[in-house]
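Below is a report on one protein model, arranged by strand pairing, salt bridges, a pocket and a surface patch. Please read it alongside the sequence and the coordinates.

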Amino acid sequence: MTQHEEWIVRELKPGDHIRVKHMSFYHHGLYEGDGMVIHFAGPSLEHLVDPEQVTVRRDALEQFSNGRNIEIRKYSLKEKLTKRPLAKVLQSARDALGEKGYDIIYNNCEHFVNRCVFGKAFSTQIDEMRAKVNVD
């Protein structure tokens, strides 16, 4: 949706799109509030290679971050105008709990959060990777 994203550190609020660095990629989630995160993940980040073990799940913030720094997506004015209302964002995430179909290129954790926030699944992380290797 955008070529440039800004990520900040501040106190978390329900509906925040958050991420943590894991090796060479970022893992994304949606902060639900009360210390809980809804995200597309396996029992641990290491299980992302087995799509059958990956579901949309609710975990404690500490489990999501695993001690890593949490960054929060800061939206541009244009993005703020296209975001869904907070209640719809959170309901979309809750409705997806237990969902399967993970695919690292076409349906990953970032796709999931953007689908909840904007109603459209996309992954800037994957788009940037594709641009670097000129793959469609």
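Trp7 stands opposite Arg73 in β6. The model is predicted: local features need pLDDT of at least 70, side-chain atom pairs count only at pLDDT 80 or more, and totals for chains, interfaces and linings use all residues. Residues are numbered from 1 along each chain as its sequence is written, and side-chain values use heavy atoms, with hydrogens and water left out.

Strand β1 (residues 6-8) runs antiparallel to strand β6 (residues 71-74), and 3 bridges join them. Strands here are DSSP runs of E with at least two residues, and helices are runs of H or I with at least four residues, numbered from the N terminus. Two strands count as paired if DSSP finds at least two bridges between them. β6 is also joined to β2 by 2 bridges, again in the antiparallel sense. There, Glu71 in β6 is the bridge partner of Arg19.

## The hairpins around β3

Strand β2 (residues 17-22) and β3 run antiparallel and are joined by 6 bridges. Arg19 stands opposite His28 in β3. The two strands form a hairpin with 2 residues between them, and Met23 in the turn has a positive phi of about 55°.

β3 also pairs with strand β4 (residues 36-41), antiparallel and over 3 bridges. Tyr31 is opposite Val37 in β4. This hairpin too has 2 residues between its strands, and Asp34 takes a positive phi near 50°. Of the 9 residues of strand β3 (residues 25-33), 7 are buried, where buried means under 20% relative accessible area, exposed over 50% and partly exposed in between (1.4 Å probe, protein chains only).

## Salt bridges

The structure holds 9 salt bridges, each a side-chain nitrogen of Lys or Arg within 4 Å of a carboxyl oxygen of Asp or Glu. One of them joins the side chains of Glu5 and Arg73 (3.8 Å, N to O). This pair links distant parts of the chain, with Glu5 in the segment before β1 and Arg73 in strand β6, 68 residues apart. Glu5 counts as buried because its relative accessible area is 17%, and Arg73 is buried at 5%. Glu5, Arg73 and Glu79 are linked in a network of salt bridges.

The side chains of Glu71 and Arg19 also meet in a salt bridge (2.6 Å, N to O). Glu71 in strand β6 and Arg19 in strand β2 are 52 residues apart. Glu71 is partly exposed, with a relative accessible area of 22%, whereas Arg19 is buried at 11%. In another salt bridge, the closest N and O atoms of Arg94 and Glu32 are 2.7 Å apart. Arg94 lies in helix α3 and Glu32 in strand β3, 62 residues apart. Arg94 is partly exposed at 33% relative accessibility, and Glu32 is buried at 12%.

## A nonpolar patch

Ile104, Ile105 and Tyr106 form a nonpolar patch on the surface, with about 320 Å² of accessible area together. Patches are made of residues with over 30% relative accessible area and no salt bridge, like charges being joined within 9 Å and nonpolar side chains (Val, Leu, Ile, Met, Phe, Trp, Tyr) within 5 Å. Accessible areas come from the Shrake-Rupley method with a 1.4 Å probe, and for residues only the protein chains shown count as cover.

Ile105 sits in the loop between α3 (86-95) and α4 (109-118). Ile105 is partly exposed, with a relative accessible area of 32%.

## The second largest pocket

The second largest pocket has a volume of about 210 Å³. Of its 14 lining residues, the closest to its centre are Arg10, Gly15, Asp16, Tyr75 and Lys83. β6 and α3 are the elements that give two or more residues to this lining. On a 1 Å grid over the protein atoms alone, a pocket is an open set of points with protein on both sides within 12 Å along at least five of seven lines, a cavity is a set where a 1.4 Å probe fits but cannot get out, and lining residues have an atom within 4 Å of a point. Grid points are joined across faces, edges and corners, and a volume is the space filled by probe spheres set on the points.
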